[in-house]
Amino acid sequence: MTGARPVPSAIDPLPRDVRDQVLQVLDGPVPAPIVQAGHPVLRTVAQPYDGQLSTAELMALVEVMRTTMREAPGVGLAAPQIGISLALAVVEDPGPLDPEIAAARERRPLAFRVLVNPRYEAVGVERAAFYEGCLSVHGWSAVTSRHLRVRLTAADETGSPVDEELTGWQARIVQHETDHLHGRLYVDVAELRSLAATDGMAAVWASEPHPRTAARILGFPLV
Ligand code: NI
């Protein structure tokens, strides 16, 4: 346990109105500060997007989210992570450099895209367990079992419907970001015995195509 620290007197309150939350972010620095675990916004079901923003406001928000995700860097960012309780996420994955890791994790590049009101459902019963992290749980990684294949339904930023199947790492990213919009974090379902500090062993374990050595040495099951 850590020792006693000064206790903040209160959390920073968010504006009640989601558009006001957006305008506050658009008024602030870019990249936007990323909210960390413990903040209630990360445990709140985000409001569905139903036109609360003008087109210009939505596009400006998407740009802030894109820049914030890239500079973090991350492969996905959900609006609650910048203090906005709105069902909106951005994703983009350049893919890994190591072809062996790319093959093991079925990690293919994912072009930048916006997910509005995303939902997913499992396709089949296969699962995959790999190290995963979150910009809102800074400094940690843990093995997380996910559906290998999902059906994603959503809209894009223009309102066009999205309905497609994704596999591998793309499916993982979609599950992680969609979960954020329902107040869920990967640590809710991660294998906690695999927990590794980013400035410690996480890079060692993440260099394995499959986390088999980590599972054996740290003592956790792989699905
Ligand atoms: Ni996350």
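**View 1. Asn117 is partly exposed, with a relative accessible area of 28%.** Here "partly exposed" falls between buried, under 20% relative accessible area, and exposed, over 50% (1.4 Å probe, protein chains only). Asn117 lies in strand β3, where strands (E, at least two residues) and helices (H or I, at least four) are DSSP runs numbered from the N terminus. Although Asn117 is not a glycine, its phi is positive, at about 50°.

A word on what you are looking at: this is a predicted model, in which local features need pLDDT of at least 70, side-chain atom pairs count only at pLDDT 80 or more, and totals for chains, interfaces and linings use all residues. Residues are numbered from 1 along each chain as its sequence is written, and side-chain values use heavy atoms, with hydrogens and water left out.

**View 2. Glu106 sits in the loop between α3 (99–104) and β3 (110–122).** This residue also has a positive phi of about 50° without being a glycine. Glu106 is partly exposed, and its relative accessible area is 29%.

View 3. You can find Arg43 in the loop between α1 (18–26) and α2 (55–71). Not counting residues up to four places away in sequence, Arg43 touches Gly183, Arg184, Leu185 and Asp188; a contact means heavy atoms within 4.5 Å. Look too for the Arg43 side chain reaching the backbone oxygen of Gly183 at 3.1 Å. With a relative accessible area of 44%, Arg43 is partly exposed.

**View 4. Glu177 is buried yet has no salt bridge.** A salt bridge would need a side-chain nitrogen of Lys or Arg within 4 Å of a carboxyl oxygen of Asp or Glu. The nearest side chain of opposite charge to Glu177 is Arg146, 8.1 Å away; Lys and Arg count as positive and Asp and Glu as negative, while His and the chain ends are not counted. Glu177 belongs to helix α4 (residues 168–180). Its contacts, leaving aside neighbours within four places in sequence, are Gly76, Leu77, Ala78, Gln81, Ala89 and Val91.

Note on methods:
A polar contact is a pair of N or O atoms within 3.5 Å; within protein, one must be able to donate a hydrogen and the other to accept it, and residues adjacent in sequence count only if both atoms are side-chain atoms.
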